[in-house]
Amino acid sequence: MIYGRHAVQAALETNQVLNRIWVVPHLRYDPRFHSLLTEAKANGSIIDEVDDLRLDYITRKANHQGVAAQVSAHEYLDLSQLIAKAKSACADPVIVVAEGLNDPHNLGAIIRTAEALGTQGMVIPQRRAVGITSAVRKVAAGALESLPVARVVNLNRALEELKEAGFWIYGTAAGVGDSVETVKFSGPTVLVVGGEADGLSLLIQRSCDGLVSIPLRGNTPSLNVSVATGMALYEIYRQRGPKKFHVHGS
């Protein structure tokens, strides 16, 4: 299931196969959705006009915003495919690797931020971590239609494969390593972030070429992982020169 206006609209705009779409009547004829839903129906999707109570039941009272859709399971890339795709996209790609994220809202927020800043892909582990769920899709707000994700059995081996492909690996660790604004990020780059509770494991830290941290000035000892990831990614892209930025509300 995917739900929420951004997530469903992005799926429709990228011609993702949607088996069934549930939508409230006023949104069915909204200019943002009407032609997209008509095209989806022509391509075989079943369109059901329902009320909010039905959508509450279908999505288990999630914040559906009046629309939900049934899709196939998320298609992950192999790591080798992700690397090839990232390198074909630009000369100095950036990939985010997440170790042990268990909160779908954090994973979804990282995916949304990573795609918005121009990141070429993301790697997550198969075990002891959340995958691409309906909640992740909702928070990502359509970013998954543009950001490829690989899911690997062994994260340490994945980092070795990325090194062999020419990537420099930076791990984020609170209070450890160099302050992020003092590090020169150049060439193909991997940013590794840890889980909500324990951060990066020592094994993964040892697999990194360097460790970076976000300098904090106040009394709060640490940042939410999605916030810290966004700040580190912004610094990486800030150093790489001016880009075309779009300023708009969420």
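The model is predicted, so local features need pLDDT of at least 70 and side-chain atom pairs count only at pLDDT 80 or more, while totals for chains, interfaces and linings use all residues. Residues are numbered from 1 along each chain as its sequence is written, and side-chain values use heavy atoms, with hydrogens and water left out.

Let's start with helices, which here are DSSP runs (H or I, at least four residues) numbered from the N terminus. Two packed helices are described by the angle between their axes and the distance between the axes. The axes are lines fitted to C-alpha atoms over the stretch in contact, and the angles run from 0 to 180 degrees between N-to-C directions.

Take helix H6 (residues 104–116) and helix H10 (residues 225–239): their axes come within 9 Å and cross at roughly 15°. That makes H6 roughly parallel to H10, a label for angles under 35 degrees. The crossing of this pair, H6 and H10, is right-handed, meaning that the near helix is turned clockwise from the far one by less than a right angle. On the H6 side, Asn106, Ala109, Ile110, Thr113 and Ala114 meet Val225, Ser226, Thr229, Gly230 and Leu233 of H10, where contact means heavy atoms within 4.5 Å. Sorted by type, the residues of this H6 and H10 contact come out as five nonpolar, five polar and no charged. For that sorting, Ala, Val, Leu, Ile, Met, Phe, Trp, Tyr, Cys and Pro count as nonpolar, Asp, Glu, Lys and Arg as charged, and the others, Gly among them, as polar.

Now look at helix H5 (residues 79–89) and helix H8 (residues 155–164), whose axes come within 11 Å and cross at roughly 35°. H5 also passes H8 in a right-handed crossing. Here Leu79, Ser80 and Ile83 of H5 meet Ala158, Glu161 and Leu162 of H8. The residues of the H5 and H8 contact divide into four nonpolar, one polar and one charged.

Next, find Leu36 in helix H3 (residues 34–42). Leu36 is buried, with a relative accessible area of 15%; buried means under 20%, exposed over 50% and partly exposed in between (1.4 Å probe, protein chains only). Leaving aside residues up to four places away in sequence, Leu36 touches Gln9, Leu12 and Glu13. From Leu36 to Val153 is 117 residues in sequence and 37 Å in space, C-alpha to C-alpha.

What about the cysteines? Cys90 is partly exposed at 26% relative accessible area, whereas Cys208 is buried at 10%. The disulfide count is zero, taking a disulfide as a pair of cysteine sulfur atoms within 2.5 Å.

Methods. Helix = DSSP H or I, 4+ residues; strand = E, 2+ residues; numbered from the N terminus. Parallel < 35°, antiparallel > 145°, perpendicular 65-115°, else oblique.
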